[in-house]
Amino acid sequence: HDAEEEAAYDNNPIGAGFMSLVSRTPASVMRFERFDDFYYQPDNGFAEDRRVNFRSLDLFLAPEESTRVAAIRAGEADIVPASLATKDQVEAGGGRLVFGQEGTLIDVRQFGCYFPQYPCHDKRVRQALEYAIDKELMRDTLFGGPEFFQIKGWSVVTPSTIGYTTELDPWPYDPDKARQLLAEAGYPGGEGFGKLIVNTNPPTAMPFLVESAQLAADMWRRELGLDVEVRVTNDVAITKARQAGELFGQIQWAEQETRTDATGYITKRYGDPKEPDRLTEDPELNRLTQESLDIVDLEKRAEASKELYARLKDESYYLAIGYFNILWAVG
């Protein structure tokens, strides 16, 4: 790690995506311009041109929703994060609300399950935890219904991700099956399981993330007889603890960005037995994941990803919950 290089990058970051950073005022605004040489375009052999169709973008920091809505009403902003509570104000000013589909998702991971001393070493335990969560109740009571929250996808794979199939969607709420699986694994009624710790943090984009973790914990207590503790901290502290191996046998309940191509994210968790963020050390899963990543042809990779993701979903190191559609106010 080179502190001087880190500082230099902060002052002059690389811009090789679809936009390039041209200037910034810390904690105020970042100014971008379209990058005409962005790789995903017909000149490079792609059928689709993914360059943006506008020249410039100013990204302002405005933590308060009232400030953002006022900017929409005054014509000082074109798009801002919003909520249904401000719908009348936005529309009275000539704006409207739109949903950003598949914006963010609930990311639930179990760590250290490759060590036999933890209950989650048994796949039936991991699967029982998912079957015991009433995802529809969570959607309707916390997230406002299917317009806001969809019970689809697994890990960072949602319907728009390469390799998605409906096989990856969360399993239905089935507490009887959950109890059966837990008993078969040797923990009937939660006996001998020990304390299950769930680590979560206040989110940046998804509302009620902490509350959803607490709701899941209540379901695990009620349906499986588990002793569950929800620890609310911050994302940085959780990341440091996770990478230091301090969360083995525990769960992280977080928000995560969706992906069009999830192979890089999945490879980090399943393809490298030495990666600090790995979820498994199973040689077969490591091999299958690496083989999928090595495929360059997009159509062949999509087919390989479908098979790989279905296999990984069954392993249940990730618990599938669903994704959130982010609400925006636009001018």
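Tutor: Start with the naming of elements: helices (H or I, at least four residues) and strands (E, at least two) are DSSP runs, numbered from the N terminus. The part to look at is the loop between β1 (19-25) and β2 (29-34), where Ala27 is found. A word on the source: this is a predicted model, in which local features need pLDDT of at least 70, side-chain atom pairs count only at pLDDT 80 or more, and totals for chains, interfaces and linings use all residues. Residues are numbered from 1 along each chain as its sequence is written, and side-chain values use heavy atoms, with hydrogens and water left out.

Look at the backbone of Ala27. Its phi is positive, about 60°, although Ala27 is not a glycine. Next comes exposure. Buried means under 20% relative accessible area, exposed means over 50%, and partly exposed lies in between (1.4 Å probe, protein chains only). Ala27 counts as exposed because its relative accessibility is 69%.

Now take Ser28. Ser28 also sits in the loop between β1 and β2. At 32% relative accessibility, Ser28 counts as partly exposed. What does Ser28 touch, once its neighbours within four places in sequence are left aside? Contact here means heavy atoms within 4.5 Å. On that rule, Ser28 is in contact with Leu59, Phe60 and Leu61. Take Phe60 from that set. Ser28 and Phe60 are 32 residues apart in sequence, and their C-alpha atoms are 5.8 Å apart in space.

Ser316 lies in the loop between α11 (298-315) and β10 (318-319). Ser316 is not a glycine, yet it has a positive phi of about 65°. The exposure of Ser316 reads 0% relative accessibility, so Ser316 counts as buried. Ala27, by contrast, counts as exposed.

For a spacing across the fold, pair Glu315 with Thr104: 211 residues apart in sequence, 23 Å apart C-alpha to C-alpha. Leu298 lies in helix α11 too. Leu298 is partly exposed, at a relative accessible area of 44%.

Arg231 is in strand β8 (residues 227-232). Arg231 is partly exposed, with 36% relative accessible area. Beyond its neighbours within four places in sequence, Arg231 is in contact with Ile197, Val198, Asn199, Thr200 and Gln250. Arg231 and Gly190 are 41 residues apart along the chain, and 20 Å separates their C-alpha atoms.

Next, the cysteines. A disulfide is a covalent bond between the sulfur atoms of two cysteines. Here it is counted as a pair of cysteine sulfur atoms within 2.5 Å. The count comes to one disulfide. It joins Cys113 to Cys120, at an S to S distance of 2.2 Å. The torsion about the S-S bond of Cys113 and Cys120 is about -110°, so the disulfide is left-handed. Both Cys113 and Cys120 are buried.

Step back to the whole chain. It comes to 11 helices and 11 strands. The C-alpha atoms fill a box of roughly 60 × 45 × 40 Å along the principal axes. The radius of gyration is taken over C-alpha atoms, and the globule rule is 2.2 Å times the number of residues to the power 0.38. With 331 residues, a compact globule would come near 20 Å; the chain has 22 Å, which agrees. Buried residues make up 44% of the 331 residues. Among contacts between residues at least 6 apart in sequence, 69% join residues at least 24 apart.

Last, surface and charge. Accessible areas come from the Shrake-Rupley method with a 1.4 Å probe; for residues, only the protein chains shown count as cover. The accessible surface comes to about 17,100 Å², of which 49% belongs to carbon and sulfur atoms. Lys and Arg count as positive and Asp and Glu as negative, leaving out His and the chain ends. Each charge is placed at NZ of Lys, CZ of Arg, CG of Asp or CD of Glu. There are 36 positive and 56 negative side chains, and the centres of the two sets lie 1 Å apart.
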